[in-house]
Amino acid sequence: MKTYDVVIVGGAVHGASLAYHLAADAAFAGKVLLIEKDPSFAFAATALSAGSVRQQFSSAINIAISLYGIAFLRSVGELLEVDGERPDIGLCEGGYLFLATEGGAATLKRNHGLQTEMGADILSLDKDGLAARFPYVEVDDIAAGAWGRSGEGWFDGYTLMQALRRKARALGVETLTGDVATIEHDGGKATGVRLADGTTIAAGAVVLAAGTGTPPLAASVGVTLPVEARKRMVFTFACRAALPGFPLVIDPSGAYVRPEGEIYLAGMAPPETDDPPAADFAVDHAFFEERLWPILAQRVPAFEAIKPGRAWAGHYDFNTFDQNAIVGALPGFANLYCATGFSGHGLQQAPAVGRGLAELIGHGRYVSLDLTPLSFARIAEGRPLIEENVV
C-alpha cells in the first residue's frame, strides 16, 4: 500500500491549486498525491466555465479571496513557469459592469463602499456616467452602475488548471488517474482512500475537491453536504456592430454577457422553480431564444441582430444553503477537508482557497487569509453567509 502525507481527490483547478500551494511551501516537505478520474476534464466545471474574476461581492471574505485571486492571475507566468515556459492564461481586465434599477441602487452603492474600502478598484457610475462610458448600453431604466476599472475580467480557466498541475508535478506532486469510491476512516480520522478497482491508498490527510463528486464521498463517512449539481448553459454569438471596451455586463435580471475575441459569451441562471438537480449536459437552445436573447437585446440594442454560435452546458457545485463555498475540515474529522459548493465562483476563488487549505494542512492554521467564514460550522449552526452578488 502506498502512503502519502496528503491525498487530494479531484484534479481540476481546486485540487491543482492546493497541490501547487502545498508543494511551493518551503515549510512543507510531505508527499502529495493528486487523483483525477477523468484526465480529459471533458465535463469538469473548470473546463466549461465562462472564466472570470471579480471583486464585486457584498461579503468581505469573497472580496478578499478575489483580491488575492487577481494578484495570482497577474503573476501566473512567473509563479507557474516550468523549464523556461511561462503559461499565458489570456487575462483581460475588461471589468464587470453591474447595473441596478432604482430598487437595487442602494445595495449596489453599499457594496461599492465595502469593495473600495478593501482596496478593489471599482468605479461607481450614475445614469449619465454609464451613458457616457458605455454608449451602447441602454440605461433608461437604470439608476446606478458599478464597473471594475481594473482587477476584474476574464481568462482561460483550462490553461490555468493545466499550468497549476504542471507546476505541481515539477515541484514533486504525484498524479494518478483513478476513481475514488470511498474514504477510509477509523476513530474519527481519515486513513486514506479506496479506488473503484479496489486499490487502497493510505494518507495522513485527505482533501475532497471533486466538484459535484464531493458530496457522495462526504456521505460515505456520514457527512451530509448541502451541495447539488445544477446545470448552467453558456451561449455564444457574433454581433456585426463594433462595441469598443465592452465589459462583462451583469443585467439586473441576472443575465450576463462578455466579449471573447470577436464573439460574445452569455448566460443566466434559470428561475428557482425550474432549476432541478442536473442529470445531463444537454443544451436548451429555446432558453436562449425565448429568455436570454430578449434581455440582452433590450439592454444592448446592437444585439438585436446577431448570429448565434456554439453553446455548451456545465454543472455548478451549487450550495443550496447559502450559495457560498464550503472550505475546511469536515465535522468529526481532524484530517478530512473539503473545498466545494462554490456555486459558480470556484474558478476565480481557486488560488486563495488552495493557498488557505495548504496553510491549514501544513501549518495547522490559516496564515495569509482566514477562511473560517466558509467553514462547515456555519451550516451546522444555521448561519448562512449572505452574498447579495450571486451571478
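Two strands are treated as paired here if DSSP finds at least two bridges between them. The model shown in these views is predicted.

**View 1. The hairpin of strands E17 and E18.** Strand E17, residues 326-329, runs antiparallel to E18, and four bridges join the two. Within this pair, Gly 328 stands opposite Cys 338 of E18. Six residues lie between the strands of the hairpin, in which Gly 332 adopts a positive phi near 90°.

**View 2. Strand E18 between its neighbours, with its pairing to E11.** E18 comprises residues 336-340, and five of its five residues are buried, so that the strand is mostly covered, burial being defined as under 20% relative accessible area. Strand E11, residues 200-208, pairs with E18 in the parallel sense through three bridges. Here Leu 208 has Cys 338 of E18 as its bridge partner. Cys 338 also stands opposite Gly 328.

**View 3. The open sheet of eight strands.** The strand order is E5-E6-E4-E13-E14-E15-E12-E16, and the pairing is mixed. Strand E5 (122-126) and strand E16 (306-319) form the edges, each pairing on one side only. On average, neighbouring strands of this sheet are turned by 20° against each other, direction ignored. Inside the order, strand E13 (residues 248-250) and strand E14 (residues 256-260) are antiparallel and share two bridges. Val 249 stands opposite Val 257 of E14. Helix H9, residues 285-299, packs on the sheet, where it touches strand E4 (96-100), strand E12 (227-239), E14, strand E15 (263-267) and E16. The direction of H9 makes about 60° with that of E12.

**View 4. Helix H1 against helix H7.** Two packed helices are described by the angle between their axes and the distance between the axes. For H1 (residues 13-24) and H7 (residues 157-170), the axes come within 8 Å and cross at roughly 35°. The crossing of these two helices is left-handed. H1 contributes Val 13, Ala 16, Ser 17, Ala 19 and Tyr 20 to the contact, while H7 contributes Leu 160, Met 161, Leu 164, Arg 165, Lys 167 and Ala 168. By class, the residues of the contact of H1 with H7 are eight nonpolar, one polar and two charged.

**View 5. Helix H1 against helix H10.** The axes of H1 and H10 lie 8 Å apart, and the helices pack at an angle of about 40°. H1 is therefore oblique to H10. H1 passes H10 in a right-handed crossing. From H1, the contact involves Val 13, His 14, Ser 17, Leu 18, His 21 and Leu 22. From H10, the residues of the contact are Gly 346, Leu 347, Gln 349, Ala 350, Pro 351, Val 353, Gly 354, Arg 355, Leu 357, Ala 358 and Ile 361. The contact of H1 with H10 holds 10 nonpolar, six polar and one charged residues. Val 13 and Ser 17 of H1 take part in this contact and also in the contact with H7.

**View 6. Helix H3 against helix H10.** The axes of H3 (residues 60-74) and H10 (residues 346-363) come within 7 Å and cross at roughly 100°. H3 is therefore roughly perpendicular to H10, because angles of 65 to 115 degrees are placed in that class. Asn 62, Ile 65, Ser 66, Tyr 68, Gly 69 and Phe 72 of H3 meet Gln 348, Gln 349, Pro 351, Ala 352 and Arg 355 of H10. Five nonpolar, five polar and one charged residues make up the contact of H3 with H10. Among the H10 residues in this view, Gln 349, Pro 351 and Arg 355 meet H3 and also belong to the contact with H1.

View 7. Asp 83 sits in the loop between helix H4 (76-79) and E4. With a relative accessible area of 74%, Asp 83 is exposed, because exposure is assigned over 50%. The loop between E16 and E17 contains Gln 323. Gln 323 counts as partly exposed, at 26% relative accessibility.

Technical notes: Residues numbered from 1 in each chain as written. Predicted model: local features only at pLDDT ≥ 70, side-chain atom pairs only at ≥ 80, totals over all residues. Heavy atoms only, no water. Buried < 20%, exposed > 50% of the residue type's maximum accessible area, 1.4 Å probe, protein only. Axes fitted to C-alpha atoms, helices over the stretch in contact; angles between N-to-C directions. Left-handed = near helix turned anticlockwise from the far one by under 90°. Contact = heavy atoms within 4.5 Å. Nonpolar A, V, L, I, M, F, W, Y, C, P; charged D, E, K, R; others polar. Parallel < 35°, antiparallel > 145°, perpendicular 65-115°, else oblique.
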